Structures are given as C-alpha cells and as structure tokens.
Amino acid sequence: MAGRLSTIMLRRFAAATTLALVAGAATSASAYEYQPLLSGSRIGDYLAAKTDSLLVGYNCPSCSPCQCEPGASASGDDMARAEDTPALDRAGASPEQFGGTGSSTFTVNDAVGGYIDNPIVGTWFRARYDVAVNNPHPDLAEFFYAKYGLAGGPGVVPPPGFNESPTSANFQVGSFYLELLVAQRLSVFAELAIQRTDIFFPDRNNTGAVAVIKNGGLGDTIAGFKYAMYTDECQYLTFQFKTYAPTGDSHRGLGTHHTSLEPGLLYLRQITDRTYFQGELRYWIPIDGTDFAGNILRYGAGVGYDIIPSYRDTGPFNPYVSTRGLRVTAVTELVGWSVFNGQFTPPAQVGQPIAGVPIPDGFTVVNVKPGFRFTNNLGSVYAGAGIAITGDRWYSDLFRLEYRRMF
C-alpha cells in the first residue's frame, strides 16, 4: 500500500515539474536588476536601517553580474557600477582568478538541485528526510548495506526459522549537514544520519511466510571538504572530497561496515535569469570492504527554472545575492550510477547454498528526480521524488524533503 501511494505521488511530481519547465521555456526572461555598490559614506546608513546582509564565500563586488544571454551588451547601470568599483584588470587579476577566491555572484540557494550535491562554498545547514522502497539487492557492491551475514559477511542475518537471503529492503533516513567556510575558496562539512531499515526475508520452504527485520539508529557518517576551483559571473566549478565512516551497525542493516572515499566535481551554471544548470561527477572507492564491495561512478545533470522569481535586493557588502520574496523553482534531475565490480547475494534456490555472484558487466542505475524548491531569503525547502527508469536499480521509488539555511 505504501509503495503504491509513493509511486502515485512520484508520478504526479514528474508530471507537474515537466509542465512547469515547458511553461517556463515559453516565457521570455529578463535579466536580474542589480543595484550598484553603495559608496563608503552610505555604509553607516545601511547599517542603521538594520537590513539583512549576506556574505557567502567572500563574494567579489567587482564582478559584473551574469548577463545570462550570449552577446548581451552592458547597460548604463552596468557602466556606472564599473566606474564605482575597481575593474578586475586594474586590480591585476583576471575574472577567473578573482572569481576563484569565493562565491562570485552565487549563493548556496542558487544551487537549485535536490539530489545533485551543492557546489557553492559557504556556511550553511541542511536537514533532510528520505524514504525509499523496494531495494531488490540490499548488499549489492556494499553501497547501502554490508555483505549478507549468511553469505559470510558482516551484514544482517534472518530471524530464527528463516535461512533465505533477503528479497528487498526499505529505508528511512533523517540526516543533518553542516558546512563551514574556513578560507576564501575552502569549506569543510560533516553529515550525521539517523536511519530506519526494514529488510524482508521469505521462508526458504516457500510457505508464503515473510519475516521483517526492523532496526533503527545511527547510520554511517560523512565528512569532507570543498574547494572552489573556478568561478565567474555565470558558472561555478568545485572539487569535493567525501569520506564515509562506518559508524552504523552493519549487523542491524544500518551501515556498510567499511570506510569509503569519494572525490568528485560539482558544477553550476546560470543559463538565463531564471534558468540554472547543475551537474556532478563522483567516484565511490570502498576501503577495506569485503569481496562484495565495488567501485561506483556517479554522474548527474539537472535543470531548474524559476516559476516565480524573487526580487533581488542588494547591500553594500554584497550587491548581488540577498533575496526578498518567495522564489519557486521547478527542478528536474537525472542521476546515474555505473558499478564496475563487486558482488551481491541473489535469492537462493531451495537446497542451494547462499553465495554471492559477480555484478553483471554494465550494471547501471538511472533515476529521474523531479521536484520543487521554495526559497525565501536565507531559507530554502525542497520536495522531490526519485524514480528508477532502468531495470537495474537501488530502489523503485524515493521521496525527499529537505530544509537548508545560509548563514
């Protein structure tokens, strides 16, 4: 019942997002209106007004805002701003070098994706809730769970009277992420997860009985850093490195029982004043796993369109990024995983031993991720789905809800 309701909800998300993107593509977009940088004599007046200001990654006030359309010419306001502040060439730095020292004209909330990692370096917090159903091979590549216990691994074992391998697993995860800016281009982050896992075991004698192991507790913990390699007025490229620590109890289905490393590249580009492209390329490397552990390449691309754009207010410390009013963004992402090696435990036949088999060559999972992001000033809420569109899959359906806030 829960799986059917989840599927219906996810399909409606997909349809609504597609319609929103089509409608947005037919709407002509005008460039954002950015106010010029105020002079030093006006800073006191600004502070006295107690208006919110936002510093994210040492934004560069000398950078021109993204024109968003190729060939767009500078307006009179742009020329006035260039005269008010030192030009990049007079500062002895190229736009790439200057932009590389911080967030340029982007903020954390400009990364509209709900599943692709955020490339913006800054100080921010995120709380997230995921629920996924029908993982058909829980210990595949030891990506979600450790090698099954009856196959000789540190993973779960069935309850007494059930000596079959698991048929599927569902999970719910609440995670809390904190990122801190520690230098102009560098941030560090950590993520703590609280997990609930339901693993289903059939009766080996085919009586129709099903046992469910339900466990909850601390999951595996993630920590790492991000470094802004390249930024300019319209794009942002970041190197990210994650370390997954096996803090979850693998015997209870709460972790992988091994450390993993994941280097990756994250990218954001503003295409028009309302449209954003976001992408990622990450490589999962298990350390000290069993013979089931496999290397996995993850890749994703997504587009977000502001159905309702927000008014962009400005201030003397950051003339580009403080927003006022509700901003609603329709988001569609495609995320894929290619598994290069490892094993999994298939459903065992009656009278046959339980043993792992190699993961087939070309095992690739692709999910479509439709959703909506609602942003109001420093806070942002995302609600979206994950739907498997390939025969190979981690789960059939997933729902995600998250809240993030910049500081």
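Rings of Phe, Tyr and Trp (for Trp, its six-membered ring) pair if their centres lie within 6.5 Å; planes under 30 degrees apart count as stacked, over 60 as edge-to-face and the rest as tilted. In this predicted model, local features need pLDDT of at least 70 and side-chain atom pairs count only at pLDDT 80 or more, while totals for chains, interfaces and linings use all residues. Residues are numbered from 1 along each chain as its sequence is written, and side-chain values use heavy atoms, with hydrogens and water left out.

One aromatic cluster is formed by F143, F144, Y145, F171, Y244, W284, W337, F363 and W394. Across the whole structure, a search finds 18 aromatic pairs.

F225 lies in strand β5 (residues 221-231) and F239 in strand β6 (residues 235-245), so the pair ties together parts that are 14 residues apart in sequence. Strands here are DSSP runs (E, at least two residues), numbered from the N terminus. F225 has a relative accessible area of 31% and is partly exposed; F239, at 26%, also counts as partly exposed. Buried means under 20% relative accessible area, exposed over 50%, and partly exposed in between (1.4 Å probe, protein chains only).

W337 and W394 form an edge-to-face pair, 6.4 Å centre to centre with 90° between the planes. W337 lies in strand β12 (residues 326-339), and W394 in the loop between β16 (379-388) and β17 (397-406), so this pair ties together parts 57 residues apart in sequence. W337 is buried at 5% relative accessibility, and W394 is buried at 2%.

Conventions
Helix = DSSP H or I, 4+ residues; strand = E, 2+ residues; numbered from the N terminus.
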